[in-house]
Amino acid sequence: MIRVLTAFTEELDDLDGALSEILEQLDWPHNSLKNAVGIVHCYSEFLEAGIVSALCEKLPFDVVGCTTVSASVPGLVSQMALTLTVLTSDEVCFAAGVSEPVADDPAVPARALYDGLAAGLAEKPALLIPFIPFMVNVGGDEFINAIDLASGGIPAFGTLAISGDPDFAQVYTTYNGAYYPASIVMLALAGPVNPDFFSVSVSDENILKAKAVVTAAERNLLRMINGLPAVQYFESIGLVSGNELAGLQTMPLVVYLEDGSKLIRACLSGTDDGSAVLCGAVPLNATIALATMGLEDVLHSTEGKMREIAPAAAGRGVLIYSCAGRNWALGMKWAAEHDVVRRCLDHTPYSFCYSGGEIFPDRLANGETANHLQNDSVIICVL
């Protein structure tokens, strides 16, 4: 059994006040079990101001996490806050750590990080919760593939860090209060974890009929579509003007793979050479189509899935990541998806925040699990 506790603060200017607020809500001496770990999601200034570091000095367990554009836990919905979610258990054990900075290839740092975590546990991990840095030159898929190779494919549920900065300059992962622009932070759980996983993404009826073919791609850079530079292609179909791709941030890119499966990718920005920066890789020769995703699409799909999971979540705790693209689709009603979660998970401890890419253990037809990077999705782990 894992007990889930949550606490929060929006106080950036008063360090002592912020710490007191969180520690009072946590009431650790009366809620602690044998083992524990913390997960923090916050606006980047909470890291830069030293509030997360000071909090970690007060807590008797490791704390992992990353930046986000908005977060909620019971009692709070905010665009600029620090939320702390504590997992504590007498039976489940936790190990946490941070990798060396990733320059170009995450394989070696991921291997060293996983091996260190596994060595600190008495048995093989049952679940990994990775927090991945957002890097233009290294796609999220590469991090997941590296973690899979190191762990042998242990189910992974987690997120890519994100921030509200237009250039994504203040995107960090964090471990025990220190913060990193290019390091993997990861939590490993061993013992009777028994999680349930759920997800929801773009519905088939929202996928536009017009399709095209990827004719050049490199990692998470979509270079050419139908023989045209990606930005020029999007401009030719009337979706962008010049190199400005902001309008595509709320239009999921559906990628049909040669094996018949499909991925959802979010478009972040354009480059000087006319390529499109995506949240994940797109293979050469893949067929692509755009989809619509408006406010009602986001809220309807999230509410349907939350009501579906409510029975499974009773008496347990829930971790939820939703793509930042879904948040952008809400426009001025940025809190609407948070409100849906709050209504549906009343009296259930949960942590909800927005993600730069959702790491999810898909269940395949043969019963095996495959960890995938998703975009424009909501992913849910019931602990």
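Phe 198 stands opposite Ile 380, a residue of strand E26. Strand names such as this one refer to DSSP runs numbered from the N terminus, with helices (H or I) of at least four residues and strands (E) of at least two. The model is a predicted one, in which local features need pLDDT of at least 70 and side-chain atom pairs count only at pLDDT 80 or more, while totals for chains, interfaces and linings use all residues. Residues are numbered from 1 along each chain as its sequence is written, and side-chain values use heavy atoms, with hydrogens and water left out.

Strand E26 covers residues 378-382 and is joined to E13 by five bridges, the two strands running antiparallel. Two strands are taken to pair if DSSP finds at least two bridges between them.

## The six-stranded sheet

E13 belongs to an open sheet of six strands with mixed pairing, in the order E5-E4-E23-E22-E26-E13. Strands E5 (76-78) and E13 (196-200) stand at the edges; each has a single partner strand, so one side of each lacks a neighbour in the sheet. From one strand to the next, the twist averages 10°. As background, strands of a sheet pair through backbone hydrogen bonds, either parallel or antiparallel.

Strand E22 illustrates both kinds of pairing. Six bridges join E22 to E23 in parallel, and Ser 322 stands opposite Tyr 354 of E23.

E22 is mostly covered, as six of its six residues are buried, where buried means under 20% relative accessible area, exposed over 50%, and partly exposed in between (1.4 Å probe, protein chains only). Both faces of the strand are involved: Val 318, Ile 320 and Ser 322 lie on one side, Leu 319, Tyr 321 and Cys 323 on the other, and all are buried.

Helix H10 (residues 336-344) lies across E4 (71-73), E5, E22 (318-323), E23 (350-355) and E26, and runs at about 160° to E23. Such angles run from 0 to 180 degrees between N-to-C directions, with axes given by lines fitted to C-alpha atoms, for helices over the stretch in contact.

## Helix H8

The buried residues of H8 are Val 298, Leu 299, Ser 301, Thr 302, Lys 305, Met 306, Ile 309 and Ala 313. They pack against E13, E22, helix H9 (324-329), H10 and E26, contact being defined as heavy atoms within 4.5 Å.

The 19 residues of H8 should span 27 Å at 1.5 Å a residue, and this agrees with the 26 Å between its end C-alpha atoms; the expected span is 1.5 Å times one less than the number of residues. H8 has a kink of about 25° at Arg 307, shortly before the proline Pro 311. The bend at a residue is the angle between axes fitted to the seven residues ending there and the seven starting there. Just after the helix, Gly 315 takes a positive phi of about 80°.

## Salt bridges

A salt bridge is counted when a side-chain nitrogen of Lys or Arg lies within 4 Å of a carboxyl oxygen of Asp or Glu; this rule gives eleven salt bridges. Side chains of opposite charge can pair when their charged atoms come close.

Glu 303 is partly exposed, at 26% relative accessibility. A second bridge, also 3.0 Å from N to O, links Lys 305 and Glu 308, which lie three residues apart in H8, about one turn of the helix. Lys 305 is buried at 14% relative accessibility, whereas Glu 308 is partly exposed at 45%. Elsewhere, salt bridges with shared partners join Asp 104, Glu 142 and Arg 219 into one network.

Glu 218 and Arg 223 form a further salt bridge (2.7 Å, N to O) through their side chains. Both partners are partly exposed, Glu 218 at 43% relative accessibility and Arg 223 at 23%.

## Asn 371 in strand E25

Asn 371 lies in strand E25 (residues 369-374) and is buried, with a relative accessible area of 7%. Neighbours within four places in sequence aside, Asn 371 is in contact with Ile 144, Asp 148, Gly 153, Ile 154, Pro 155, Ala 156, Phe 360 and Pro 361. Tyr 354 is 17 residues from Asn 371 in sequence and 19 Å from it in space, C-alpha to C-alpha.
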